Amino acid sequence: MDDVKTLFSHGVPTPIVYLTTINGKSIYLKQDYLNHHEVSGNKLRKLKYTLLAAQQSGLALLSYGGAFSNHIAALAAAGKYVDISTIGIIRGQELSDENRWGKTLKKAASDGMRLYFVSREAYRNKSQTNPHVEIKTILSKYPDAMIIPEGGSNALSVLGSAEVVKETAQQLEASVIFTACGSGGTMAGFIDGVAQYTPRCRVVGVSVLKQQSALSTTVRSLSQYHQTVAWTLLEDYHFGGYAKQTKKLLDFIMQFESTYAIPLDPIYTAKLCFAVFDQARQSNAHHSENWLIYHSGGLQGRGDFS
Ligand SMILES: *Cc1c(COP(=O)(O)O)cnc(C)c1O
């Protein structure tokens, strides 16, 4: 068993590699999927301070996710490493049949996460003030557990994500940091990190969901510095919506992986890298800058999506 500090000291700082230059934009990539051999990427960064709080208080951690959730995978694995009990409430009652589990759920269960499966209706109505009865029944078994929202974007996740920027600020002078956005905690953390460690840098988020109007609201509510840092969200690189792919995206992944020997996941980092290359091609060639792509991991989910 590790303590939480050891879990977070293994693979950091994660390397930054140079990819290419397009229109004067030198594009670099931070390989944060290398931060741990198993619990990799931003979902681990986001959990750091929640894990510390759970270890100090001795409380279990309970959270929510779909069948392929990187957050559920990271929470289960991190819980195993630092000996904290974890509970996952999973969308889809049909998944109570173990034969339907993909790689993510099998791994979460083998890491010791206690899994509960609820209907889609219950899952939609999981808000803590008045949750659906299916959810209430499960929560009543764990009155002391700390509850982490879906995707892991709580206030503590922002502190962990901000540390990524503290790290990159010592590695590369970047004008822009790009990250993929789902629930918004990573973006909020990057904004706060930029404000503290590299204030002239801009933050650009690439939304992987279609019409995610809640995203910028969440970023604003989680970030302390959203009014002082230059940040934007790109909403046109979702390729049809969350976990949707097109041939164009799949061709991009093949080409990217064979050129740079860096693996991409189809849900987050492929859309992110596509967006960055596209933005660089559209940019003004007379303006030179360093652009940094944050590779947030997600590779554990690839087994469920091949
Ligand atoms: C969850 C996730 C994101 C998005 O992070 P949020 O904090 O939810 O916006 C990006 N990349 C990967 C690989 C993820 O698993």
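Cys181 touches Met187, Gly205, Val206, Ser207, Val208, Leu209, Leu215 and Leu233, leaving out residues up to four places away in sequence; contact here means heavy atoms within 4.5 Å. This is a predicted model, where local features need pLDDT of at least 70, side-chain atom pairs count only at pLDDT 80 or more, and totals for chains, interfaces and linings use all residues. Residues are numbered from 1 along each chain as its sequence is written, and side-chain values use heavy atoms, with hydrogens and water left out.

Cys181 sits in strand β7; helices (H or I, at least four residues) and strands (E, at least two) are DSSP runs, numbered from the N terminus. With 2% relative accessibility, Cys181 counts as buried, a label for residues under 20% relative accessible area, while exposed is over 50% and partly exposed is in between (1.4 Å probe, protein chains only). Glu235 is 54 residues away from Cys181 along the chain, yet their C-alpha atoms are separated by 9.9 Å.

Strand β7 turns up again around the ligand. Elements giving two or more residues to the ligand shell are α2 (42-57), β7 (176-181) and α8 (185-197), and α2 gives the most, with three residues. In total, 16 residues surround the ligand, the closest being Lys43, Lys46, Ser183, Thr186 and Ser296; a residue counts as near if one of its heavy atoms lies within 4 Å. The shell splits into three nonpolar, 11 polar and two charged residues.

Oxygen atoms of the ligand lie 2.6 Å from a polar side-chain atom of Ser183 and 2.7 Å from one of Thr186. The protein covers 99% of the 380 Å² of accessible area that the ligand has on its own, with areas from the Shrake-Rupley method and a 1.4 Å probe; for residues, only the protein chains shown count as cover.

As for nonpolar cores (buried Ala, Val, Leu, Ile, Met, Phe, Trp, Tyr and Cys residues joined through side-chain atoms within 4.5 Å), the largest has 33 residues, and Leu19, Ile27, Phe256 and Ile293 have the most contacts inside it. Helix α11 gives the most to this core, with eight residues. Ile293, leaving aside neighbours within four places in sequence, is in contact with residues including Leu19, Ile27, Phe178 and Phe277. A second, separate core of 29 residues includes Leu51, Ile72, Trp101 and Phe117.

Note on methods: A polar contact is a pair of N or O atoms within 3.5 Å; within protein, one must be able to donate a hydrogen and the other to accept it, and residues adjacent in sequence count only if both atoms are side-chain atoms. Ala, Val, Leu, Ile, Met, Phe, Trp, Tyr, Cys and Pro count as nonpolar, Asp, Glu, Lys and Arg as charged, and the others, Gly among them, as polar.
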